[in-house]
Amino acid sequence: MGYNFDEVIDRHGTNSLKWDFAVERGKPEDLLSMWVADMDFPAPCEVLADLQKAVSHGVFGYTEVKQDYYDVLIAWFGERFGFSFNRRDVVKTPSVVFALALAVRALTEIGESVIIQTPVYYPFYEVIKDNNRIIVTNPLIYKNGAYSIDFEDFEKKIIANNVKLFILCSPHNPVGRVWTREELEKLSLICKTHQVIVVSDEIHCDFVWGENKHTCFGVLDENVIIATAPSKTFNLAGLQAANIIVKNTELRHKLKVELNKSGYSQLGTLGLVACQSAYTNGNEWLSELKIYIEENISLTKKFITSHLPKVKLVEPQGTYLLWLDFSAYGFSQKELDEHVTNSAKLWLDGGTIFGTDGEGFQRINIACPRSVLLDALKRLAKVFGE
Ligand SMILES: Cc1ncc(COP(=O)(O)O)c(C=O)c1O
């Protein structure tokens, strides 16, 4: 391997949300942090070199991008997912969640309904509720340790609530599903039939495992909003750059108007540099990283089978976030969270932050050096092992 993902980099004292804010967030200070979805790896060295060049230049005036930025973006999504688009289709925003909120405001009215598939990444609830829209849930079916979509309920809820917008999480955080083309086609058909606009959050699209294949919703339907960012793929969340792809002119216009209303115009200089550099130079790094993460997943599976037989790991098809079912212990969520925090000394994401159907679960982020992961698993085994 050319890149060293084993190196442990101490992130304490860098104002890292993951490592430096336990006390502010009501947790003890001495936890091993495996929660929020960023990785404990540095960005690709090629990206760091481009950032250093920009920093050395020293002038940080307003920055825009030229055709070469769009060329690498178009190549990345074209080559990997067969999704083609043009420069004019791209709306740049500081983050994906920012774009989700824009879409809610731009494409629905106050009091209208937006549907989501739960349990799901918690800001999905916030961008709907805090913009005074109605949250309609289409709970995923959890059966024999695996998740699937309840299409009948999806359509029924859309009709019953006159749903206008669907925010899809693809691949899905936290349950780790990579939706098949057939599943997405079914969703697409239902949405078309009932004139529901789809916003597809595909921020985790570069992390799919084994035989699973990510299908970009934009390949199935042009009238959608595809939210992408290099932030998960290359660990650049703190640099705030996202690319929202909207091929439909009217939808794009509405989104742009809402962006203007927010008063936001140019992205940060360094975010743009990092984004372009990552999509230009990050391919090899990403290939090696994915092998490393897949090995982390295998190790976690083996460890759980041997040392934590009562914990069920939902088969991770995508994302570096694993969804662990502790329901066999019979704890309430509060008790489970307390055991994880106070006895195992871990900072994980308790299942119910993703919705009530996350009861009995914990989400663990395994995008870290293997020694850190092993430490975390051993802590779990001490408390929850047989
Ligand atoms: C599904 C999903 N969307 C969006 C985000 C956050 O993206 P951003 O930081 O660009 O708002 C995350 C981060 O965990 C996520 O899992």
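Predicted model: local features only at pLDDT ≥ 70, side-chain atom pairs only at ≥ 80, totals over all residues.

Let me begin with the division of the chain. Domain 1 comprises residues 17-44 together with 283-384, while domain 2 covers 60-281. Taken over C-alpha atoms, the centres of domain 1 and domain 2 lie 25 Å apart.

How many residues of each domain are in contact with the other? On the side of domain 1 there are 35, and on the side of domain 2 there are 33. The area buried between domain 1 and domain 2 is about 2900 Å², and carbon and sulfur atoms account for 57% of it. Three residues deserve mention here: Gln317, Thr319 and Phe354 contribute 24% of the area that domain 1 buries against domain 2, which is more than any other three residues supply.

I turn now to the polar side of this interface. Applying the rule for salt bridges across domain 1 and domain 2 gives 0. Polar contacts, by contrast, are found between the two domains: the count is 20 residue pairs, with both residues at pLDDT 80 or more.

Which elements of domain 1 each supply at least two residues of the side that touches domain 2? They are helix H12 (283-307), strand E12 (321-325) and strand E15 (361-365). The largest share comes from H12, with 8 residues. Sorted by class, this side of domain 1 holds 19 nonpolar, 6 polar and 10 charged residues.

Is Asp206 buried or exposed? Asp206 is classed as buried because its relative accessible area is 4%, and the class requires a value under 20%. Its side chain forms a polar contact of 2.8 Å with the side chain of Thr233. Not counting residues up to four places away in sequence, Asp206 touches Trp76, Arg80, Phe81, Thr233, Leu286 and Lys290.

My second residue is Pro42, located in the loop between strand E1 (32-33) and helix H2 (45-57). Its relative accessibility is 38%, so Pro42 counts as partly exposed. Neighbours within four places in sequence aside, Pro42 is in contact with Ile9 and Trp285. Finally, Pro42 and Glu315 are separated by 273 residues in sequence and, C-alpha to C-alpha, by 27 Å in space.

Thank you for your attention.

Notes. Residues numbered from 1 in each chain as written. Heavy atoms only, no water. Domains from an automatic or database assignment. Contact = heavy atoms within 4.5 Å. Buried area = accessible area lost by both parts, 1.4 Å probe. Salt bridge = Lys/Arg side-chain N within 4 Å of Asp/Glu carboxyl O. Polar contact = N/O pair within 3.5 Å; in protein donor to acceptor, adjacent residues only side chain to side chain. Helix = DSSP H or I, 4+ residues; strand = E, 2+ residues; numbered from the N terminus. Nonpolar A, V, L, I, M, F, W, Y, C, P; charged D, E, K, R; others polar. Buried < 20%, exposed > 50% of the residue type's maximum accessible area, 1.4 Å probe, protein only.
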